[in-house]
Amino acid sequence: MGFKPIPAAISCALTLIIWFIIPVPQGVTPEAWHLLAMFVGVIAAIIGKALPIGAIAMIAITLVAVTGVTNPKPSEAIKDALSSFANPLIWLIGVSIMISKGLQKTGLGARLGYLFIAVWGKRTIGIGYSMVLSELILAPVTPSNTARGGGIIHPIVRAIATSYDSDPAKGTEGRMGKYLALVNYHANPITSAMFVTATAPNPLVVDLVAKATNTQIYLSWTTWAIAMILPGIMALIVMPIIIYLMYPPEIKRTPNSAQFAKERLKEMGKVTLPELIMLGVFGIMLLLWAGIPAMILGDAWSVDATTTAFIGLSLLLLTGVLTWEDILTQKSAWDTITWFAALVMMATYLNKLGLITWFSGVLEAQIAHLGLNWVLASLLLLLTYMYAHYMFASTTAHITAMFAAFYTAGIALGAPPMLFALIMAAASSIMMTLTHYATGTSPIIYGSGYTTLGEWWKAGFVMSVVNIVIFIVIGGIWWKFLGYW
């Protein structure tokens, strides 16, 4: 059997109940309601992991094409179902994931981590900040936060913890492994909030904000990075200290870790030509994403963010740093393109068919009855949206299901559109702190056994509060200074 029977049965039941049993509300078209029924079923299937998310996406595309909810003509319905494969934002993330393969293949990601530890690794908290800095540097070109935090940084954390005999199997995780694992994890959501290309769902946020405001607000790569850099850095500075106070490592001084890192670097040998090329391509992409050539030479030199990603990938293929075989084996990239296209397509047509407008109107009316001003009303929406992530095992599913309606309702209640867009965008990554199933990185790090479930959830809740306060207060002041609201 290709699917899990119970989650599949639940998702099918939800679809059929909404489609056939619950009457279509006043102000909603039957087509919009039927698409909602399929959408809820798809989200339930993703949450329940009835099938891999890419397989669920294929079924969603098929259902939209077969049922004709977007267009009664079969030839037009399939065009609608496949329409999002032409969305540049989807390819931006897919191609960036392909590029991030170069960080692992060349060893550049690990080298950066060991270099920082060699410099700041004389104390356990210094190792923590080395992990944070590595995360920050890798984030702009590693849209898989799982690959970054779980695939590149976490093996380094485990190697260092093991070298100090901090091993869950021996009951010695408290020596330093617990602290380093939590810092390793909690850097991940913060850096994910800082760049459009730091986690796969961020471009979905960009797309939903643009659609909700009729493209009046479009969060470009540069706009997002400038907006998030100050609150993000503040959060990264504060986080290791808070984790240190909550779960202080038994070993505070680690003079051997710097030597350990130097030995690892010696084993890696001199910097290789592929690493230098990777670093150069990394630099070119950051310059283009930041719009530096256009600032110096004029608008004729501006390059689209997705085009920049394709330029980076092309350079890596031309120089042989990556081969086409490497690209073909990047299953996560092709998987992301597939499920991203399906979810964006469904969200787009829910909006076009008026369902999002209707639902956000219902939300707005319910909150308006409370008589709150826009600050309290939008804060209530924000916190409800963020802490609903306890019910989700996928940030993408959560954002697709809730972001558009909550954002639209907030604007209708008087929140400044740009301010609310940025806070909601930050919350969409910050919510990954909450649970051991919140995003792909969490089961990898939690599964290493350095923390108990209670410790993980406690740290997650505390950091969610600290992070959202930093982004609202420091971010709000910074965005006001920038003239964003």
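Author: A cavity is a set of grid points where a 1.4 Å probe fits but cannot get out. The structure discussed here is a predicted model.

Reader: What makes the largest space a cavity, and what is its volume?

Author: The probe fits there but cannot get out, so the space is called a cavity. The largest cavity has a volume of about 40 Å³. The search of the whole structure finds one cavity of 30 Å³ or more.

Reader: How do you know which residues line the largest cavity?

Author: A lining residue has an atom within 4 Å of a point of the cavity. The residues lining the largest cavity include Val42, Ile46, Ile53 and Ile56, together with Trp339, Leu343 and Met346.

Reader: Which parts of the chain make up the two domains, and how far apart are their centres?

Author: Domain 1 covers 1-85 + 341-353, and domain 2 covers 89-207 + 219-329. Their centres, taken over C-alpha atoms, are separated by 36 Å. Five residues from domain 1 and four residues from domain 2 take part in the contact.

Reader: What is known of the area buried between domain 1 and domain 2?

Author: About 360 Å² is buried between them, and carbon and sulfur atoms give 67% of this area. On the side of domain 1 that touches domain 2, three residues are nonpolar, two are polar and none is charged.

Reader: How many salt bridges and how many residue pairs in polar contact are found between domain 1 and domain 2?

Author: A salt bridge needs a side-chain nitrogen of Lys or Arg within 4 Å of a carboxyl oxygen of Asp or Glu; the count between the domains is zero. A polar contact needs a pair of N or O atoms within 3.5 Å, and one residue pair across the interface is found in polar contact.

Methods. Residues are numbered from 1 along each chain as its sequence is written. This is a predicted model: local features need pLDDT of at least 70, side-chain atom pairs count only at pLDDT 80 or more; totals for chains, interfaces and linings use all residues. Side-chain values use heavy atoms; hydrogens and water are left out. Domain bounds come from an automatic or database domain assignment. Contact means heavy atoms within 4.5 Å. Buried area is the accessible area (1.4 Å probe) that two parts lose on being put together, summed over both. A polar contact is a pair of N or O atoms within 3.5 Å; within protein, one must be able to donate a hydrogen and the other to accept it, and residues adjacent in sequence count only if both atoms are side-chain atoms. Ala, Val, Leu, Ile, Met, Phe, Trp, Tyr, Cys and Pro count as nonpolar, Asp, Glu, Lys and Arg as charged, and the others, Gly among them, as polar. On a 1 Å grid over the protein atoms alone, a cavity is a set of points where a 1.4 Å probe fits but cannot get out, and a pocket is an open set with protein on both sides within 12 Å along at least five of seven lines; lining residues have an atom within 4 Å of a point. Grid points are joined across faces, edges and corners, and a volume is the space filled by probe spheres set on the points.
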